Amino acid sequence: MSRTIPNAISSLLGNSSIEPFYAVDLDFPSGNLRLWTGYGDRTIRSNTYLGSGDIMRIDGLEEASDLSSRGTTLTFSGVPSNLVAYALTEEYQGHLCHVYWGIKSVSDVVEVFSGYMDKMTIQDDGETSTISLSVESRLIPLERPNARRYTQASHDAVIATEDYDETTD
């Protein structure tokens with residue numbers, strides 16, 4: 001995927017030492033959870049991201065030159081057990097996730113991944129937990145076969161689904 005790197009970031013990439021970071025925006029139905037891999041709060045694109053320090057790890061960020069889809073996994077370690085109940089009750093599947101990369105001395109970031117939250121795995125030892133969240137690429141739906149048929153019955157079923165009004169039940 002081609003992307004534009006802001007001048008403020010590209011001018012610093014030649015420096016011998018930079019402090020890069022990742023930021024994650026998880027679009028949960030009850031509200032967005034925004035975290036970054038530093039400490040304290042950070043404003044990115046007019047949104048406040050909470051510092052996650054060393055508890056967040058991002059695995060599998062890679063790109064391919066073709067249109068193949070690749071997913072990634074976000075792992076949160078040392079999560080207090082009282083937050084596990086929140087993770088278990090949240091309807092997260094199919095909701096968006098954005099991953100950004102930036103340099104601490106610059107306010108600009110580059111979106112390096114976006115996809116849909118897919119599967120959450122929780123390992124709980126009683127006091128703290130580890131939560132792994134797999135995120136599918138936005139290209140995944142393009143790889144799924146379309147089960148619709150171009151028949152009158154299929155067309156009628158789609159129209160009936162689109163016209164369905166829950167208030168008439």
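Me: What makes D59 and R57 a salt bridge?

Reply: The closest N and O atoms of D59 and R57 are 3.0 Å apart, and because the term requires a side-chain nitrogen of Lys or Arg within 4 Å of a carboxyl oxygen of Asp or Glu, the pair qualifies. This is a predicted model, in which local features need pLDDT of at least 70 and side-chain atom pairs count only at pLDDT 80 or more, while totals for chains, interfaces and linings use all residues. Residues are numbered from 1 along each chain as its sequence is written, and side-chain values use heavy atoms, with hydrogens and water left out.

Me: Why is D59 called partly exposed?

Reply: The relative accessible area of D59 is 31%, and buried means under 20%, exposed over 50% and partly exposed in between (1.4 Å probe, protein chains only), so D59 falls in the middle class. R57, with 45%, is partly exposed by this rule as well.

Me: How many salt bridges does this rule give?

Reply: The count comes to 3. One of them joins R34 to D25, with the closest N and O atoms 3.3 Å apart, and D25, at 8% relative accessibility, counts as buried.

Me: What makes E19 and K104 a link between distant parts of the chain?

Reply: These two residues form a salt bridge, their closest N and O atoms being 3.7 Å apart. E19 lies in the loop between helix 1 (7-10) and strand 1, and K104 in the loop between strand 7 and strand 8, 85 residues apart; here helices (H or I, at least four residues) and strands (E, at least two) are DSSP runs, numbered from the N terminus.

Me: How many aromatic pairs does a search of the whole structure find?

Reply: The search finds 1.

Me: Why is the pair of F21 and W36 called edge-to-face?

Reply: The ring centres of F21 and W36 are 5.4 Å apart and the planes stand at 80 degrees. F21 lies in strand 1 (residues 20-28) and W36 in strand 2 (residues 31-36), so the pair ties together parts 15 residues apart in sequence.

How values were computed:
Rings of Phe, Tyr and Trp (its six-membered ring) pair if their centres lie within 6.5 Å; planes under 30 degrees apart count as stacked, over 60 as edge-to-face and the rest as tilted.
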